[in-house]
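Here is a friendly walk through one model, written to be read with the structure open beside it.

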Amino acid sequence: MEKADTPLQQVQANIAQACKIARRDPGEVTLVAVSKTHPADAIQPLLIEGQRHFGENRVQEAQAKWPVLREEYPAVQLHLIGQLQSNKAEDAVALFDAIHSLDRPSLVKALGKAMDKTGRRVPCFVQVDVGEEEQKGGCPIAELPALLDQAREADIPVAGLMCIPPFEIEPTPFFALLDKLARDHGLEGRSMGMSGDYETAVKLGATHVRVGTALFGKRG
Ligand SMILES: *Cc1c(COP(=O)(O)O)cnc(C)c1O
């Protein structure tokens, strides 16, 4: 009997299938395994399988978990996917390899300052409030051009755009909108798609999908 696929293999196969349908190269899509709330024991099997991109939503939790794991797996790339308080900007710049939640002028200022101070220029995705839901954070679409200008002035490398569409409604129009905004601004990266909709996101141009539950199971 053949061995059953692991969750990682299943997600990778689904991404490959979505790429095939969309005639995209799977090499364009980075799977970010969202390990928030999961302890090191749960992360180890994915590291052993070869997964190297991980997402966390809290700076403190990531500081507690990752330095030890990274000693063993120095190629790990850490993505901050959760809202960031300006007073944690320096810690975030020191620890993370990408920040997906740049969403306001005060954070541009704080991150620019932290990057100047540490000499680490961490690629950032500007989070866009595509669903007009303030509680999720994200820059209003009307303010995106100004925020991108401010980020460039602060010498923050802008990797692309990120969105979290409203839950429980069809995400397709929101992914299409993020893709269009990225194109309009000449940006490569599109961080979109979670466990429930990453295949759709890939078909609509995602370069980074942030998948937690489908890899780790439900969070406690
Ligand atoms: C938790 C989280 C995810 C992963 O969600 P799943 O549904 O578990 O895949 C993706 N993006 C962000 C911003 C998150 O906070």
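In the side chain of Thr213, an N or O atom sits 2.5 Å from an oxygen atom of the ligand. Ser195 also reaches a ligand oxygen with a polar side-chain atom, at 2.5 Å, and the side chain of Lys36 places an N or O atom 2.7 Å from an oxygen of the ligand. A polar contact here is a pair of N or O atoms within 3.5 Å; inside the protein, one atom must be able to donate a hydrogen and the other to accept it, and sequence neighbours count only if both atoms are side-chain atoms.

How much of the ligand does the protein bury? Taken alone, the ligand exposes 380 Å², and the protein buries 88% of that. Such areas follow the Shrake-Rupley method with a 1.4 Å probe.

## How the model is treated

This is a predicted model, in which local features need pLDDT of at least 70 and side-chain atom pairs count only at pLDDT 80 or more, while totals for chains, interfaces and linings use all residues. Residues are numbered from 1 along each chain as its sequence is written, and side-chain values use heavy atoms, leaving out hydrogens and water.

## The shell and its pocket

The residues around the ligand (a heavy atom within 4 Å of it) include Val34, Ile81, Met162, Arg210, Gly212 and Arg219. By class, this shell has 6 nonpolar, 3 polar and 3 charged residues; Gly counts as polar, and Asp, Glu, Lys and Arg as charged.

The ligand takes up the space of the largest pocket, which holds about 760 Å³. Among the 33 residues lining that pocket, Lys36, Asn57, Ile81, Ile164 and Met194 are the closest to its centre. Helix H3 (59-72) and strand S8 (208-211) each give at least two residues to the lining, which divides into 14 nonpolar, 11 polar and 8 charged. Pockets are open sets of points on a 1 Å grid over the protein atoms alone, with protein on both sides within 12 Å along at least five of seven lines; lining residues have an atom within 4 Å of a point.

## A cavity

The structure also holds 1 cavity of 30 Å³ or more; a cavity is a set of grid points where a 1.4 Å probe fits but cannot get out. Its lining includes Gln127, Asp129, Lys136 and Ile164.

## Two residues with positive phi

Thr37, not a glycine, has a positive phi of about 70 degrees and belongs to the loop between strand S1 (30-34) and helix H2 (40-49). Glu168 is likewise not a glycine and has a positive phi of about 65 degrees; this residue lies between strand S6 (158-162) and helix H7 (172-184), in the loop.

Terms used. Sits in = over half its atoms within 2 Å of the grid points. Points joined across faces, edges and corners; volume = space filled by probe spheres on them. Helix = DSSP H or I, 4+ residues; strand = E, 2+ residues; numbered from the N terminus.
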